[in-house]
Amino acid sequence: MSLFRRSLHRPPTRECARVAKVLQAYLDGEADEETAAAVSAHLETCRHCGLEAKAFAGLKESLKRSTAPDRTTRTRLQEFAERLSAGEIEVGDQVD
Ligand SMILES: [Zn+2]
């Protein structure tokens with residue numbers, strides 16, 4: 001097996017695994033300079049990780065544009081917990 005052969009369909013390498021671990025931080029701009037340089041160099045040569053990064057970036061973008069469903073869910077849960085502790089809801093009641 002040649003190290004110099006670069007197939008578009010090659011399986012992820014150990015480098016890919018390393019990149020995958022820091023990809024989120026890299027896209028968030030939280031990776032240190034050395035890591036960011038290594039990741040960006042890898043993304044340029046690795047189609048596998050490049051696509052992964054694109055998917056991540058797209059996801060982040062759509063989350064930014066959405067009405068923060070996470071916060072809504074958290075707020076609902078919090079309100080529910082408050083009503084529950086205030087005795088407004090009996091455990092076992094149907095909660096809409
Ligand atoms: Zn890769």
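Q: Hi! How much of this protein counts as buried?
A: Of its 96 residues, 8% count as buried. Keep in mind that this is a predicted model.

Q: Let's look at α1. Where is it, and how many residues does it have?
A: Helix α1 covers residues 14–27, which makes 14 residues. From first C-alpha to last it reaches 20 Å, close to the 20 Å expected at 1.5 Å a residue.

Q: Where does α1 bend?
A: The bend is at K21, and it comes to about 40 degrees.

Q: What comes after α1?
A: G29 follows α1, and the phi of G29 is positive, near 75 degrees.

Q: Which residues of α1 are buried?
A: Those are V19, L23 and Y26.

Q: Why would residues with that kind of spacing point the same way?
A: An α-helix has 3.6 residues a turn, so residues three or four places apart point the same way.

Q: Nice. What do the buried residues of α1 pack against?
A: They pack against two helices, α2 (33–45) and α3 (47–65).

Q: Tell me about α1 and α2. At what angle do their axes cross?
A: The axes cross at roughly 120 degrees and come within 10 Å. The crossing of α1 and α2 is left-handed.

Q: Which residues make that contact?
A: From α1 there are E15, V19, V22, L23 and Y26, while α2 brings T35, A36, V39 and H42. By class, the contact has six nonpolar, two polar and one charged residues.

Q: I'm curious about H42. Which helix is it in?
A: H42 is found in helix α2.

Q: Is H42 buried or exposed, and why?
A: H42 counts as buried because it has 20 C-beta neighbours inside 10 Å, and 20 or more is what a buried residue needs.

Q: Which residues does H42 touch, leaving aside those within four places in sequence?
A: H42 is in contact with E15, V19 and C49. Of these, E15 and V19 also belong to the α1 side of the helix contact, and V19 is one of the buried residues of α1.

Q: What about C16, how far is it from H42?
A: In sequence, H42 and C16 are 26 residues apart. In space, the two are 8.0 Å apart, C-alpha to C-alpha.

How values were computed:
Residues numbered from 1 in each chain as written. Predicted model: local features only at pLDDT ≥ 70, side-chain atom pairs only at ≥ 80, totals over all residues. Helix = DSSP H or I, 4+ residues; strand = E, 2+ residues; numbered from the N terminus. Expected span 1.5 Å × (residues − 1). Bend = angle between axes of the 7 residues up to and from the residue. Buried ≥ 20, exposed ≤ 12 C-beta atoms within 10 Å, placed from the backbone. Contact = placed C-beta atoms within 7 Å. Axes fitted to C-alpha atoms, helices over the stretch in contact; angles between N-to-C directions. Left-handed = near helix turned anticlockwise from the far one by under 90°. Nonpolar A, V, L, I, M, F, W, Y, C, P; charged D, E, K, R; others polar.
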